[in-house]
Amino acid sequence: MFKESENGFIIEMSTDILEKILDHSTDEIYVVDGETRIVFMNKICAQHYGLKRSEVIGKRNEELFKQGYWTPSIIPIVMQEKKPVTIKQTTYYGGELVTTAVPILNRTKEIELVVITAHEQNFKKIMHTDQEPADQNQLPNNIITNSQKMKDLLTFCHKIALVDSTILLQGESGTGKGAFAAFIHQMSRRKNGPFLTINCAAIPEELLESELFGYSQGAFTGASKSGKIGLIEAANNGTIFLDEIGELPLKIQAKLLQVIQEHRFLPVGGTEYKQVDIRILSATNRDLSKMVENKQFREDLYYRLNVIDLKIPPLRERPEDIVPLTYYFINRCNKKYGVDRLISQETLQALSSYSWPGNVRQLENMIERLVVTTESIITPADLPDIIHQHNRNHLPLSSAGSPPLPQTLDAALAEVEKQMVRRSYQKHRTTRKVAADLGVSQTKATKLIQKYCRDLAELE
């Protein structure tokens, strides 16, 4: 790297070395050329947004901006002013950035490159003591995703939001069916009307009918003297989302069918029908077609609810969403609890390798727990045992962009041994606990740690 010259030593630096240096920056670094084509993005910038650099380099900045990764765009400002500019940006996962763009001019004073650096604001420093964190129960303005499956699904949602057809959202528990329902409502002509949700599995059967359809004066013992309107009437001119629709009793299914077909219903104990103009969205993680076969769900209602069918993919089928969702939930919890937690790259890798049977909800709950229970940086040692156990049992095979597998069985076994020892030591940090975790003697654990974990021990 150093080369002697007449005036002393000069530094010769290859592109690879420069890239390594920039990849170790904790700030986002992002470079575009004079035509706003992306020519460089450092590792931390790509990871923050769940992007692959190979898929981004060469694209125009406007393409990422239109996808909502950050707002507002700093590029048009610096292109016009041709001098350094600093603004505040908001990322699509809710983070607040302080972003600086510095133009590099050629001899004719035209912009050749723009170097953009950004770092996330420390929430504790900018939050006033009399300020409350933003309401986290607001309807989402977007859905955090880098998955092409999800992007195609969102494009489809934009189309179907413009009509009033009923929609059945299907998917495993925790995949985000409620978020999609809210998104569809936001995109619809009913967006200024109410959006009401009811979980059909969470309310006792004897109360569910009155919750949905309301009741008239004196309908039953203990009823309010003035009666009560139900959620269907309260959602008039808006949208009602019936979650866990498969748990709806057959008696109530018949009344719901009447609402869909005739736009009217009879309150409990009532004698006069009420007219209503609502859109019905429903969701389930059960197989309604089999329930129809087993006479557990009305066939006519099933087809009325299932005019448009949306299947939400589980998180394990869109692993590229794990990192941006993690940042989104950390940022939200930091604001909620007034803290400033960070997360290590090793932890992100461990989260990305996990299968997430509870989907987005499981990830959300785990991140909240980690933000509350850890200090400063979330490390692999902070993760629950279930993640470490899963990742030990599902060591990744070689894939595109990864180092090739060893060519011999002995070399492959040695690589697996190394990974297991390093992961165990990162979590437990003592020879006794590593020995118990790996099922070996403490003497052998000590030798394995000395063999594979010298660099980790030196960092302590």
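The legends below describe close-up views of a predicted model.

**View 1. Helix α9 and the elements that its buried residues pack against.** In helix α9, which spans residues 205-213, the buried residues are Leu 208, Glu 209, Ser 210, Leu 212 and Phe 213. These buried residues pack against strands β10 (195-199), β11 (239-243) and β12 (264-265), and also against helices α10 (231-234) and α11 (250-262). Just after α9 comes Gly 214, which takes a positive phi of about 75 degrees.

**View 2. Strand β14 and its parallel pairing with β9 and β11.** Strand β9 (residues 167-170) pairs with β14 in the parallel sense over 4 bridges, and in β14 Thr 284 stands opposite Gln 170. Strand β11 also runs parallel to β14, joined to it by 4 bridges, with Ile 240 opposite Ile 280 of β14.

**View 3. The cis peptide bond between Thr 71 and Pro 72.** The omega of this bond is about -5 degrees, and Pro 72 lies in the loop between β5 (70-71) and α5 (75-81).

**View 4. Positive phi at Thr 36 and at Asn 237.** Thr 36, in the loop between β3 (28-33) and β4 (38-41), has a phi near 65 degrees, and Asn 237, in the loop between α10 and β11, has a phi near 70 degrees. Thr 36 has a relative accessible area of 9% and is therefore buried, whereas Asn 237, at 45% relative accessibility, counts as partly exposed.

Notes:
Residues are numbered from 1 along each chain as its sequence is written. This is a predicted model: local features need pLDDT of at least 70, side-chain atom pairs count only at pLDDT 80 or more; totals for chains, interfaces and linings use all residues. Side-chain values use heavy atoms; hydrogens and water are left out. Buried means under 20% relative accessible area, exposed over 50%, partly exposed in between (1.4 Å probe, protein chains only). Helices (H or I, at least four residues) and strands (E, at least two) are DSSP runs, numbered from the N terminus. Contact means heavy atoms within 4.5 Å. Two strands pair if DSSP finds at least two bridges between them.
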